[in-house]
Structure formats: structure tokens, C-alpha cells
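Visitor: I would like a close look at one part of this model. Please keep it brisk and give the cut-offs.

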Protein chains: 2
Amino acid sequence: MSLIVMKFGGSSVGDAERIKRVAKRVIERKKAGHGCVVVVSAMGDTTDDLIDITKQICEGSPPAREMDMLLSTGEQVSVALLSMAIHSLGEKAISYTGWQSGIYTEAVHGKARITDIQPQRVLDSVAQGNIVIVAGFQGMSIDGEITTLGRGGSDTTAVALAAAIPADLCEIYTDVDGIYSTDPRVVKVARKLKEISYDEMLELANLGAAVLHPRAVEYAKNYNVALVVRSSFTNNEGTNVKEEAVMEQGIVVRGIAFDKNVARVSILGVPEKPGQLAKVFTSLAKQQIDVDIIVQSGVISGSADFSFTTNLSDREKALNVLEQLRGEVGFREITSEVNLVKVSIVGAGMVSTPGVAATMFEVISNLGISISLVSTSEIKMSCVIDQTHLTEVVRGLHTAFGLDTEEQAVVGGPSERR
Amino acid sequence: MSLIVMKFGGSSVGDAERIKRVAKRVIERKKAGHGCVVVVSAMGDTTDDLIDITKQICEGSPPAREMDMLLSTGEQVSVALLSMAIHSLGEKAISYTGWQSGIYTEAVHGKARITDIQPQRVLDSVAQGNIVIVAGFQGMSIDGEITTLGRGGSDTTAVALAAAIPADLCEIYTDVDGIYSTDPRVVKVARKLKEISYDEMLELANLGAAVLHPRAVEYAKNYNVALVVRSSFTNNEGTNVKEEAVMEQGIVVRGIAFDKNVARVSILGVPEKPGQLAKVFTSLAKQQIDVDIIVQSGVISGSADFSFTTNLSDREKALNVLEQLRGEVGFREITSEVNLVKVSIVGAGMVSTPGVAATMFEVISNLGISISLVSTSEIKMSCVIDQTHLTEVVRGLHTAFGLDTEEQAVVGGPSERR
């Protein structure tokens with residue numbers, strides 16, 4: 001008997017009908033001969049509803065410990081209901097909270113990391129013929145406090161459990177039926193990928209293709225857990241996430257992601273003096289301002305220009321921080337830009353394939369669009385452009401990198417490294 | 001520092017405003033110098049709402065284990081919210097589930113009994129200056145299963161915790177501001193009692209004065225826990241429930257209870273043969289039919305008449321059971337009566353005071369009302385009468401037994417034992 005972990009998110013268990021559908025889905029897998037451990041999130045809006053009540057009760061933010069106490073009930077409700085639904089269909093099931101499942105975490109509230117899983121109770125219950133349903137998103141610290149794992153926590157629970165059991169496969173059921181080459185709402189010919197590597201998935205997830213939480217992908221990568229992302233509504237094959245995804249013929253770029261939550265901030269005429277940049281970015285970090293791409297132009301007559309991107313919501317805070325540094329650092333001007341989008345191409349093969357960067361630049365310049373910022377990594381290249389051009393750029397890149405059909409090959413000059 | 005346990009029911013924490021009011025109430029007690037352990041039920045309709053969802057999911061009744069898993073979230077939500085409300089008012093608080101509070105129960109679901117309480121964690125938190133908030137109604141079996149205590153469970157949690165800590169006092173906060181001599185909606189001059197004994201409280205609680213659950217009263221009696229029942233909305237003094245309530249001057253009857261949920265069933269002409277009655281009542285018990293008063297008339301020419309009372313909702317089931325026994329037992333006729341009420345006078349002093357029964361009969365017969373059934377115990381006497389006469393009978397008894405004012409004495413002939 002193979003053991004599988006199945007994870008269903010909040011919208012998959014959003015109401016009684018959906019819970020019954022999940023129950024049927026799980027039973028199908030059991031009847032196909034698998035031992036099933038199911039990880040479930042809180043029902044649809046439960047978490048938001050609970051947060052709403054706290055706002056009526058507390059001025060300011062409630063203690064994180066009590067927030068965990070409160071929010072962890074959401075998953076406890078869904079596991080109990082799913083277990084009942086499975087019973088009602090005639091199969092044996094048993095639900096467990098995080099602490100009952102042996103999921104130990106740091107003694108931190110709101111975003112604890114899993115430190116250990118002792119899966120014996122879960123395994124015993126599977127051995128007794130039960131479908132075991134585990135509350136996602138939660139665990140217990142060694143001093144018996146209920147903790148939660150923060151955003152994407154249920155994904156992490158599923159992957160960590162799969163690693164600890166160890167399971168043969170971890171199935172992540174979502175609203176979509178897999179990972180796409182790009183957002184199908186932007187490019188109609190977006191293709192569902194058969195496979196993707198952990199690293200590619202990480203880049204895509206971080207860039208906003210939020211099907212699977214980056215922490216869970218990292219965990220899967222570290223423990224080499226075989227993952228599949230598939231639809232909770234259809235029986236379509238999903239996308240396998242694994243260590244080394246097979247390179248499809250001629251396909252170097254696996255997917256195209258984009259992120260509209262981006263603002264550019266530029267600091268012009270910074271005197272070239274050691275430690276100036278450190279001062280700027282330390283001040284930004286102290287204010288919890290996330291900085292993504294950082295670009296420095298060459299130094300001209302003793303001063304330089306810097307640009308960086310940040311979340312839209314952090315832009316104003318960033319400008320204030322910089323304004324306060326003006327005297328100390330002595331720069332000439334601060335500018336900023338919104339209505340941008342960061343378009344990224346991602347592919348593990350990029351590092352070994354010349355001409356990828358050239359192709360990306362060519363596509364964008366052929367459309368007569370100027371690039372505001374560029375950044376590259378081993379398996380990713382991002383260009384920040386004006387938001388109005390998003391669709392045409394993504395379409396152009398999708399075609400140019402052979403993603404429209406599986407047969408097309410990468411376009412790119414042989415002489416260039418990227 | 002004295003230690004008190006305060007218990008608030010579901011309607012006291014029914015919404016954000018009420019939770020804030022409870023928080024203030026608890027803080028007042030803390031500031032008055034008490035160490036406070038607070039036991040809370042689920043918010044208002046939470047439990048009913050959760051049960052409603054199960055009905056959409058399950059045909060038939062869901063597994064009791066999963067029901068406990070589900071329902072125990074209700075109290076977990078209220079303890080977290082109350083803790084937040086207290087924090088928000090600037091006091092230290094910490095919430096615990098049943099299992100975190102060291103409340104161990106039988107491995108039974110839906111109506112587990114508490115087997116042990118290990119209050120160290122609660123006590124440590126009190127010693128650290130926290131108001132400790134404990135989820136009522138729930139515990140954990142020794143094999144780590146979440147259990148619930150059934151109806152009145154939060155009362156039981158509070159009393160059992162008070163016994164285990166041990167606390168100096170257990171305060172039960174409710175919708176009413178104490179135990180009354182009878183229902184104030186029926187008799188305007190109904191008086192709030194200063195004191196009542198455990199046994200009297202048990203009789204009153206069982207008879208429908210459902211302020212405090214009988215199981216909790218039993219527990220308090222067994223462990224001699226000082227209880228007070230008081231209002232969560234006013235600062236009025238409540239009613240003390242204790243081992244030996246001081247007998248107020250001349251007051252033998254402490255209170256008058258009544259119960260409309262009663263039907264009379266009579267079996268006429270049962271041949272006098274050994275074991276016939278046992279057969280009847282065993283069959284009723286097998287069908288989970290609760291039988292309260294049983295009366296047998298004298299045997300006339302080899303056959304007897306029996307009557308018993310049961311819950312209204314059980315009447316039809318009882319008649320069916322009896323009909324099936326007709327051939328075997330060989331009785332002549334089955335009759336039944338509804339629209340009845342059982343009126344009971346309760347008082348620990350009754351056993352040692354002559355004339356009480358005579359007074360009760362006299363009051364009822366003076367009103368020209370006939371009595372359908374009578375039963376008596378050490379501290380209680382009940383008459384079943386037609387429901388239309390309820391108000392006048394309770395009023396009459398209230399006056400006759402000196403409950404209208406504290407000065408009035410009991411009326412009763414000196415010659416009669418009751």
C-alpha cells in the first residue's frame with residue numbers, strides 16, 4: 001500500500017457541499033488502494049470572520065498567543081466536518097488537531113516553524129484502516145502552547161507530514177488544475193506544465209503564482225518530497241513538482257510570472273562615500289520595508305544613482321525614510337514610480353542556455369516598450385515595465401520562449417550567455 | 001490572596017460587547033485582590049450553529065468523537081476572545097483549552113465525566129499574575145482524545161476546577177441574579193434566596209429551575225465547594241449554595257418548582273401476578289423512556305391500576321411500548337393525560353416538620369383543584385395537576401409556606417408528619 005498525503009485548501013472545504021465533494025475525492029483515492037492522510041485548512045472565510053470579531057474586542061493587535069488559540073479552531077472545525085462527511089459515506093475516518101498529530105513547532109506565535117513531527121499516532125490510525133484527517137496550519141510548542149504556522153501553513157503541514165511519515169506522494173488540491181506557463185487570464189494559450197523543479201516553483205511562487213506557498217516548496221526541496229499540484233474540482237492530471245524536472249524539448253523558460261505590487265524608488269546623486277548605501281538599506285530594513293531589485297548605475301564625477309523596487313504599500317514609508325536621510329547621506333533627489341509590473345521568466349535551464357536575456361530584451365524593445373529596471377538570477381530574469389504593456393509583453397515572451405506549443409524552440413543568439 | 005473560580009455561560013459571552021463586559025467584571029474581582037480562574041462556555045448560538053452544519057453534512061447522527069472535536073472549538077473561541085478583551089483593558093490574561101488545563105475525563109464522547117484535574121499549569125499562571133481563562137465543557141481522555149462533558153458541562157468544569165485548585169469560592173454567573181423561591185414570572189413576590197443547600201438546589205435544578213446543572217451541584221456537594229449563583233449583568237448579591245443552609249426563621253419550604261414537560265400514563269386492571277410491573281418498566285427503560293413518579297393503587301379483586309409520569313415527548317413511545325405488552329401482561333386499558341404540570345415544594349427542613357403535606361393538599365383543595373398524582377421524598381413533595389391552575393396553585397403555596405415575606409411562618413397541622 002502506498003501512502004499519500006492530500007491537502008485541501010480553504011476554498012475546497014468552503015461549505016457543506018464542498019466538504020462532501022472532498023470526502024468523495026478522498027474515498028476514491030482510498031479505494032484505489034492508497035493509505036490516505038488528509039490535511040485541511042479552515043473553511044473559506046472562517047479565519048477572516050474570526051479576525052473580524054477580534055477587531056470588535058481589541059484596540060490594537062491582540063496578543064499573538066491568543067490569536068493562535070482563536071484561529072486554530074478554524075482547522076479543527078474543518079477536520080471534524082470532513083471526518084463526519086467521510087463516515088456518512090461509509091468509510092472509517094478520524095480527525096486530529098495539530099498537537100494530536102505530533103506536529104511540534106518553535107515556541108513562536110503566528111508564524112512558527114515546524115521543528116519535529118512524531119507521526120506515530122497518525123500512522124497507527126492509518127494502519128487501522130482510517131482515513132486520517134489532520135488540521136493544517138497548526139502545531140504545538142514543547143511547552144504545550146498551540147501555535148500556528150502563518151501564511152501557507154497548511155501547505156507546509158502537508159509537505160512536512162509527507163516527509164515525516166514518509167509518504168510516497170503529497171497531493172496539493174487547489175482551485176486551479178496545475179502550474180501554468182503563465183496566467184491563463186493574460187495569455188490564452190498558457191499551457192499547464194507537466195513538471196516543474198522545486199527551484200522553478202519557488203521563483204514562480206515568490207513572483208505571485210501563489211498556488212503553493214514558498215515555505216512548503218522549500219520544505220519539499222529539502223526533504224525531497226514528491227509533490228503534485230492538481231484541481232480539487234476535476235480529475236485532470238496536475239503538475240509534478242520534483243527535484244529535476246525533465247526538460248521538455250527545446251524549452252528553457254518554464255514559465256512567465258508577473259507582479260503588479262511593485263513601485264520603483266530612485267535616489268539620484270548620492271556622493272560616492274563608503275557606507276552610504278548600507279545606511280540607506282539598513283534604515284529601510286529597520287522599518288520592515290521589503291526591498292526587491294536593487295540597481296546602481298555607474299559612478300559619474302563622484303556621485304551615483306540608485307534604484308530599488310518595493311511593495312506598493314511600502315512606497316510612501318520608504319520615501320519618508322529616505323527624506324529623513326537626505327541631510328546625512330547628502331543625495332540630490334528622490335523620485336518614485338508606480339503603475340509598474342515586474343515580468344519574470346523562470347527556468348532551470350536558463351543558466352546553461354545562451355541568448356535568453358537577449359531574447360527577452362528583443363521582445364520588449366520590438367514592442368517599443370522601455371524597461372525601467374532589470375534583475376537576473378541563475379534561473380530567473382525580471383524586467384520592470386509600465387503596467388499598461390503587461391499583456392503584450394507576456395504574450396510576446398510566451399511565444400518567443402516556445403511556450404505556446406510544446407514543439408517551439410527557444411529563440412536566442414548563440415553568442416550571448418543570457 | 002483568595003482564589004476564586006468564576007463561570008460565565010454562553011449568553012454572558014454572546015457577542016463582542018458582552019465579552020468586554022465580562023472582561024471588566026473579571027478585572028474588578030482581580031483588583032479586589034482575588035486570584036481569578038475564569039471558566040467560559042461557547043458564545044451564545046455557536047454550538048447550535050455548528051450542529052446545523054453537521055446536519056447538512058451527515059445523514060443520521062455524526063460520530064460522537066468527531067462531534068466533540070467540532071463542538072470543543074466553541075469554548076476555545078470564547079476563551080481566546082475573553083483573554084484578548086482582558087489584555088485590551090491592560091490586565092494579564094492567558095487562555096487554556098480543557099486539555100491544557102489538565103482536565104482529564106473518561107474516554108467517552110458527548111457526556112464524559114471528569115476523572116482527574118491536574119491544575120498545576122493553571123496555578124502557575126495565576127501565580128505569575130495572570131487571569132486564567134479555561135474552556136468549559138471539555139477535557140481530554142488519557143489517550144489524548146478531546147472529550148466533552150455534555151449538558152451543563154461548563155458548570156461542572158467550574159466546580160471541579162474549584163475543588164481541584166482548591167479555590168475559596170466558585171461563582172456561577174447567569175442570566176438571573178440568584179435562586180428564587182419560585183419563578184418570578186408566575187409569582188410576582190417570588191423572593192431571591194440568600195442561601196440554599198446542595199440537596200435543595202439539586203431538587204430545584206432537577207425540577208426545571210435550570211440555573212445550575214445538577215451534575216455540577218452534585219460535584220459541589222461531594223467536594224464541599226462553596227458556590228454562589230449571581231447575575232453577570234448586575235452587582236446584586238447572589239444565592240449561596242452550601243452544605244447546610246441556615247434555616248430562615250420559620251421557613252421550611254425553600255422554594256416551589258414546576259415542570260410542564262410531563263404526561264401521565266395509566267395502566268388499568270393489571271392482573272396481580274409477580275413480575276408484571278418489572279416487565280412493564282424494563283420495557284420502558286429499554287426504549288430510553290424516562291419515568292418519574294410511579295403510583296400504584298391498592299389491589300382490588302386481583303387486579304391493580306398503575307400510573308406513571310414521563311416527558312411529554314416520550315408519551316407516544318410509552319403508549320406504543322405498553323400496547324405491545326398488552327397480551328403478555330394482560331391489562332384492561334391504557335389511558336394518558338397531557339396539559340399537566342408537576343408542582344413541587346422543596347426544603348431540607350420538611351423531613352423534620354409536621355404538617356407540610358397537609359398544607360399542600362389544603363391549598364390545592366381549597367382552590368377546588370383535583371390532584372392527578374402525588375409523590376414525596378425527604379426534601380420534596382410533588383403534585384401533578386391540570387396546567388390551567390398552575391399560577392393560582394404556586395401563588396397559594398408561596399403564601400401558605402411563608403415565602404412571600406421572610407417573616408411569615410409555615411402553616412401546618414401539628415399532628416401530621418408531612
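Visitor: What covers the buried residues of H9(A)?

Guide: The cover includes four elements of chain A: strand S14 (263-271), helix H8 (276-286), strand S16 (303-310) and strand S17 (333-337). Contact here means heavy atoms within 4.5 Å. Helices (H or I, at least four residues) and strands (E, at least two) are DSSP runs, numbered from the N terminus.

A word on the basis. This is a predicted model, where local features need pLDDT of at least 70, side-chain atom pairs count only at pLDDT 80 or more, and totals for chains, interfaces and linings use all residues. Residues are numbered from 1 along each chain as its sequence is written, and side-chain values use heavy atoms, with hydrogens and water left out.

Now the helix itself. The buried residues of H9(A) are A:Ala318, A:Val321, A:Leu322, A:Leu325 and A:Val329. Buried means under 20% relative accessible area, with exposed over 50% and partly exposed in between (1.4 Å probe, protein chains only).

Next, its length. H9 of chain A has 15 residues, 315-329, so at 1.5 Å a residue it should span 21 Å. The expected span is 1.5 Å times one less than the number of residues. The end C-alpha atoms are 19 Å apart, which agrees.

H9(A) also has a kink of about 30°, centred on A:Glu323. The bend at a residue is the angle between axes fitted to the seven residues ending there and the seven starting there. After H9(A) comes A:Gly330. The phi of A:Gly330 is positive, near 75°.

Terms used. Chains lettered and ligands numbered in written order.
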